[in-house]
Amino acid sequence: MKSNSPFYQDKCAEARAKKKASYMSRKSKTGLDMSKKDKDGKFLKKEIPITEEQNLKEFNNEIKEFECVNGVLKLRQTEND
């Protein structure tokens, strides 16, 4: 349920701003190195440089997966959960 109370709206805006700040402060993200595997046959992880524009795009895509409940961002429940 979404609250129309300004108190909760401010808390939700603050939570979204904090989440956005954590995305925008990243200089790299972890990805898989498809050219190398470890001894178990799994792909190795590597750090991939990321730009501010890529951070913002990823934030805008992923913020839709969260809902604000009493000023706290939580993952939305899907039909499969």
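Here is a quick tour by topic, starting with how to read the model.

This is a predicted model, where local features need pLDDT of at least 70 and side-chain atom pairs count only at pLDDT 80 or more, while totals for chains, interfaces and linings use all residues. Residues are numbered from 1 along each chain as its sequence is written, and side-chain values use heavy atoms, with hydrogens and water left out.

**The hairpin**

- Strand S1 covers residues 28–37 and strand S2 covers residues 43–49; strands (E, at least two residues) and helices (H or I, at least four) are DSSP runs, numbered from the N terminus.
- S1 and S2 run antiparallel, and seven bridges join them; two strands pair if DSSP finds at least two bridges between them.
- Together S1 and S2 make a hairpin with five residues between them.
- In the turn of that hairpin sits Gly41, with a positive phi of about 90 degrees.
- Across the pairing, Lys37 stands opposite Phe43 in S2.

- Leu32, Met34 and Phe43 make a nonpolar surface patch of about 300 Å².
- Patches are built from residues with over 30% relative accessible area and no salt bridge, joining like charges within 9 Å and nonpolar side chains (Val, Leu, Ile, Met, Phe, Trp, Tyr) within 5 Å.
- The areas come from the Shrake-Rupley method with a 1.4 Å probe, and for residues only the protein chains shown count as cover.
- Met34, found in strand S1, has a relative accessible area of 58%, so Met34 is exposed (buried means under 20%, exposed over 50%, partly exposed in between, with a 1.4 Å probe and protein chains only).

- Side chains of opposite charge can pair when their charged atoms come close.
- The count here is two salt bridges, each a side-chain nitrogen of Lys or Arg within 4 Å of a carboxyl oxygen of Asp or Glu.
- One of them brings together the side chains of Glu58 and Arg26 (3.4 Å, N to O).
- Glu58 lies in helix H2 (residues 52–62) and Arg26 in the loop between helix H1 (6–24) and S1, so this pair ties together parts that are 32 residues apart in sequence.
- Lys29 and Glu58 also meet through their side chains in a salt bridge (3.4 Å, N to O).
- That pair links distant parts of the chain, with Lys29 in strand S1 and Glu58 in helix H2, 29 residues apart.
- Leaving out residues up to four places away in sequence, Glu58 touches Tyr23, Arg26, Lys29 and Ile50 (contact means heavy atoms within 4.5 Å).

**The disulfide**

- A disulfide is a covalent bond between the sulfur atoms of two cysteines.
- The structure holds one disulfide, counted when a pair of cysteine sulfur atoms is within 2.5 Å.
- Which residues does the disulfide join? Cys12 and Cys68, with S to S at 2.0 Å.
- This pair links distant parts of the chain: Cys12 is in helix H1 and Cys68 in strand S3 (residues 66–69), 56 residues apart.
- The torsion about the S-S bond of Cys12 and Cys68 is about -90 degrees, so the disulfide is left-handed.
- Cys12 is buried at 8% relative accessibility, whereas Cys68 is partly exposed at 22%.
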